[in-house]
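Colleague: Hi! Could you walk me through this one?
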Amino acid sequence: MPVRDRWDLTAACFERLRAQTTRHDVVVVDNGSSDGTPGRVRAAFPDARVVELGANLGFSAACNAGVRAGSNEIVVLLNNDVECPPDFLERLVAPFSGDERLGSVAALLLTRADGRIESFGLAVDPTLAGYPRLRGFVAGEAQSTQPLLAGPSGAAGAYRRQAWDDVGGLDERVAFYGEDVDLALRLRTGRWSTAAAPDAVAIHAGSASAVERSAWQRYQGGFARGYFLRRYGVLRGRAALRALATEALVVGGDAAVFSHDLAALRGRVAGWRAACGLDVHPPPHAIDRSITFMESVKLRLGVYSGKTAS
């Protein structure tokens, strides 16, 4: 559980974890909290392990540190704003028992506001942009096989430790945004499959309302996008023109309509430079080629209006 401040969310999440029907260990990784979270965890939940990073090193570094601190066969990444019922972990890890090649499992996350799907794992379009799968659908449509599942969301996803170690965990060169998409793709590039657990249902409270993205957030999102575009060689493949057109519309729309600055563009340039020499071949079986250009544009522009994730 990566955390930074918001002790109220962390304490509530711990109380829900105490009620879980399956045995588990909790590792809290503190990204430089200023509200005394590490000490509060130790006092209120002495069975938990606390890893203090001392500063906000990002989601990837926090999750990797937490995984290294544990030893169980199955690893679950869990945001502290996920409200999980008592049988959540039991249902989430159940699919692993039947398939040794299963590397990850996605949970079904709903919004608190209307009970619709916030995400049921991740979907990836031909330009390797990732989206919350089935966002906005009613919960009863969770059985749909489209769009194609690429892997779990980092907000609440389960991973086989062997698979995690096999690909080296999350890429710490990207501190924020898109790390879970990249991990899903790297797992699928290897020998690992993924699955969805429709009965592992939780509320993702943090996604219940839209928030305006700061220039720092838009820069970080742009950095991740530029980094992964180059790392996966998207502009050298069949989707190059589509990717360029989509990025132009998204960045132009952000600058002209939403933010009136070039933070998203500057981030993409910096990310592109950072990915020099880091070539990875994307797994074709994890990409949903049925996601059209206009669907991608609509989803991506939703990032800047605060209506969807990056």
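Colleague: Is Asp-81 buried or exposed, and which side chain of opposite charge is nearest?
Modeller: Asp-81 is buried, meaning under 20% relative accessible area, where over 50% is exposed and in between is partly exposed (1.4 Å probe, protein chains only). Lys and Arg count as positive, Asp and Glu as negative; His and the chain ends are not counted.
Modeller: Keep in mind that this is a predicted model: local features need pLDDT of at least 70 and side-chain atom pairs 80 or more, while totals for chains, interfaces and linings use all residues. Residues are numbered from 1 along each chain as its sequence is written, and side-chain values use heavy atoms, without hydrogens and water.
Colleague: OK, how many salt bridges are there in the whole structure?
Modeller: A search finds 18. In one of them, Arg-173 meets Asp-171 at 3.0 Å, N to O.
Colleague: Is Asp-171 buried or exposed?
Modeller: Asp-171 is buried, at 6% relative accessibility, whereas Arg-173 is partly exposed at 48%.
Colleague: Switching topic, what do the side chains of Arg-91 and Asp-87 do?
Modeller: They meet in a salt bridge at 2.5 Å, N to O. Arg-91 is partly exposed, with a relative accessible area of 33%, and Asp-87 is partly exposed too, at 26%.

Methods:
Salt bridge = Lys/Arg side-chain N within 4 Å of Asp/Glu carboxyl O.
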